[in-house]
Amino acid sequence: RLSMGPHGHVDAKASPAGKLYLVVQGQVHFRGGDTTEELQAGDSVFVLPHEEREFSESAGASALLYLVMLESYDQRP
């Protein structure tokens with residue numbers, strides 16, 4: 001679980017694990033690689049292993065995200 005206060009921010013970084021983020025409450029600005037999106041409650045985003053990602057709360061209120069980390073990710077065609 002990832003909780004951000006008003007105007008909270010998660011610095012850009014990458015991880016060896018694939019991650020699925022689900023916005024449960026609030027609104028967040030997401031940047032991953034060359035993609036930027038505004039995410040609302042109910043939206044989700046999957047970040048590939050070793051891909052840099054960054055989040056910031058964008059509505060001036062608190063935001064809550066759930067995070068599911070994958071131990072391995074098979075990139076089969």
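**Aromatic pairs and sheet arrangement**

Two aromatic pairs are counted in this predicted model, where rings of Phe, Tyr and Trp (its six-membered ring) pair if their centres lie within 6.5 Å, and planes under 30 degrees apart are termed stacked, over 60 edge-to-face and the rest tilted. Since the model is predicted, local features need pLDDT of at least 70 and side-chain atom pairs pLDDT 80 or more, while totals for chains, interfaces and linings use all residues. Residues are numbered from 1 along each chain as its sequence is written, and side-chain values use heavy atoms, with hydrogens and water left out.

A pair of aromatic rings is described by the distance of the centres and the angle of the planes. For Y21 and F55, the ring centres are 4.5 Å apart and the planes stand at 55°, so this pair is tilted. Y21 belongs to strand β3 and F55 to strand β7, and the pair thus links distant parts of the chain, 34 residues apart; strands (E, at least two residues) are DSSP runs numbered from the N terminus. Y21 is buried at 4% relative accessibility, where buried means under 20% relative accessible area, exposed over 50% and partly exposed in between (1.4 Å probe, protein chains only). F55 is likewise buried, with a relative accessible area of 1%. The rings of F30 and F55 have centres 5.2 Å apart and planes at 45°, so this pair is also tilted. F30 lies in strand β4 and F55 in strand β7, so the pair ties together parts that are 25 residues apart in sequence. Both F30 and F55 are buried. Y21, F30 and F55 form one aromatic cluster.

Strand β7 (residues 53-57) is mostly covered, with four of its five residues buried. Strand β7 belongs to an open sheet of four strands in the order β2-β7-β4-β5, with antiparallel pairing; two strands pair if DSSP finds at least two bridges between them. The edges are formed by β2 (9-13) and β5 (35-40), each with a single partner strand, so one side of each has no neighbour in the sheet. On average, neighbouring strands of this sheet are turned by 15° against each other, direction ignored, with axes taken as lines fitted to C-alpha atoms and angles running from 0 to 180 degrees between N-to-C directions. Three bridges connect β2 and β7, and K13 has R53 in β7 as its bridge partner. Between β4 and β7 there are five bridges, with H29 opposite S56. Strand β4 (residues 27-32) is joined to β5 by six bridges, and V28 faces L39 in β5. The loop between β4 and β5 contains D34, which counts as exposed at 85% relative accessibility. The C-alpha atoms of D34 and R53 are separated by 9.9 Å, the two residues being 19 apart along the chain.

Another open sheet of four strands has the order β1-β8-β3-β6, again with antiparallel pairing. Here β1 (2-4) and β6 (44-47) stand at the edges, each with a single partner strand, so one side of each is left without a neighbour in the sheet. Neighbouring strands of this sheet are turned by 20° against each other on average, direction ignored. Seven bridges join β3 to strand β8 (residues 63-70), and K19 stands opposite M69 in β8. L20, also in strand β3 (residues 18-25), is partly exposed, with a relative accessible area of 34%.
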